Amino acid sequence: MAEPLLRTDGLRKSFGALHAVNGVSLAFDKGIVHAVIGPNGAGKSTLLNLLSGELTPSAGRITFAGRDITGLTPDRIARLGIGRSYQKTNVFPSFTCFENVRLAAQARLPSSMRFVGAADALSEVNEQAERALMACGLSGRRNAVASSVSYGEQRQLEIGMLLATQPSLLLLDEPLAGTGHEESRRVIELLQRLAGGHTIILIEHDMDAVFAVAGQLTVMVNGEVLETGTVEAVRRSRAVQDAYLGGGATP
Ligand SMILES: Nc1ncnc2c1ncn2[C@@H]1O[C@H](COP(=O)(O)OP(=O)(O)O)[C@@H](O)[C@H]1O
Ligand SMILES: [Mg+2]
């Protein structure tokens with residue numbers, strides 16, 4: 001069995017007396033979309049914030065690509081190849097879609113390229129930005145100002161900005177939040193396309209999206225892992241049906 005790309009061991013984050021993440025040990029395999037579900041307040045976003053370095057763990061360890069990354073800064077972690085999106089949209093509204101994606105590509109340029117061979121670096125950044133724009137399905141909106149595209153397209157753009165940084169692991173926090181039916185269908189299609197070649201940790205409430213996209217599934221409740229495994233196995237588990245799916249899920 002190959003080493004997982006990312007592993008947490010006894011990960012904990014406490015806010016005062018509240019253990020938002022409480023002893024979470026999980027393995028995330030390379031090339032797999034691993035969804036994390038659970039009721040509001042379960043600790044899903046806190047878990048992502050720990051993985052991206054925005055929060056420092058109270059206890060436990062995070063191992064990425066065989067390396068202990070516990071306590072590293074968000075910038076270091078991003079440079080090691082972990083990219084994340086936020087629950088709230090963070091595009092630059094007055095810039096075009098292409099400019100947004102290019103800014104993201106530029107921000108992740110290796111520091112050696114920032115000074116040497118400016119022309120080469122620029123064309124590399126532009127190519128990366130074009131690829132990311134195509135990958136997120138927004139080539140047709142290339143020169144549209146971000147504030148003028150639909151909310152769903154802004155969510156696609158966020159994913160494009162993430163792809164432009166070429167992460168080996170993508171952390172997505174509710175990419176469907178706030179999207180309408182048609183928009184969410186397009187974002188799900190985008191996630192399905194990404195699922196082929198990317199390792200993704202996906203927090204998502206929409207169970208149709210989870211079942212359409214994910215291979216592995218973890219259910220969190222009260223900061224702890226209730227169940228983890230293949231989507232099929234977790235979906236069938238008694239504990240999950242009782243506690244979370246309310247017995248309504250069909251196997
Ligand atoms: N910065 C913080 N300070 C204090 N409590 C927090 C903070 N962030 C999250 N929490 C609490 O931790 C728990 C888990 O929150 P969160 O990770 O956002 O859950 P989820 O994303 O699953 O809805 C909640 O009870 C929330 O109120
Ligand atoms: Mg959340």
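Mentor: Helix H1 supplies the largest share of the shell around ligand 1, three residues. This model is predicted, so local features require pLDDT of at least 70 and side-chain atom pairs pLDDT 80 or more, while totals for chains, interfaces and linings use all residues. Residues are numbered from 1 along each chain as its sequence is written, with chains lettered from A and ligands numbered from 1 in the order in which they are written.

A shell residue has its C-beta atom, placed from the backbone, within 6 Å of the ligand. Around ligand 1 stand Phe 15, Leu 18, Ala 20, Gly 38, Asn 40, Gly 41, Ala 42, Gly 43, Lys 44, Ser 45 and Thr 46. Strand S2 (18-28) and helix H1 (44-51) are the elements that each give two or more of them; helices (H or I, at least four residues) and strands (E, at least two) are DSSP runs numbered from the N terminus. By class, the shell has four nonpolar, six polar and one charged residue.

Turning to helix H7 (residues 181-195), its buried residues are Val 187, Ile 188, Leu 190, Leu 191 and Leu 194. Because they cover an arc of only 160 degrees around the axis, they lie on the same side of H7; the arc is that of the directions from the helix axis to the C-beta atoms. His 181 and Glu 182, on the other side of H7, are exposed. Buried means 20 or more other C-beta atoms within 10 Å of the residue's own, exposed 12 or fewer, and partly exposed in between, with C-beta atoms placed from the backbone.

Key:
Nonpolar A, V, L, I, M, F, W, Y, C, P; charged D, E, K, R; others polar.
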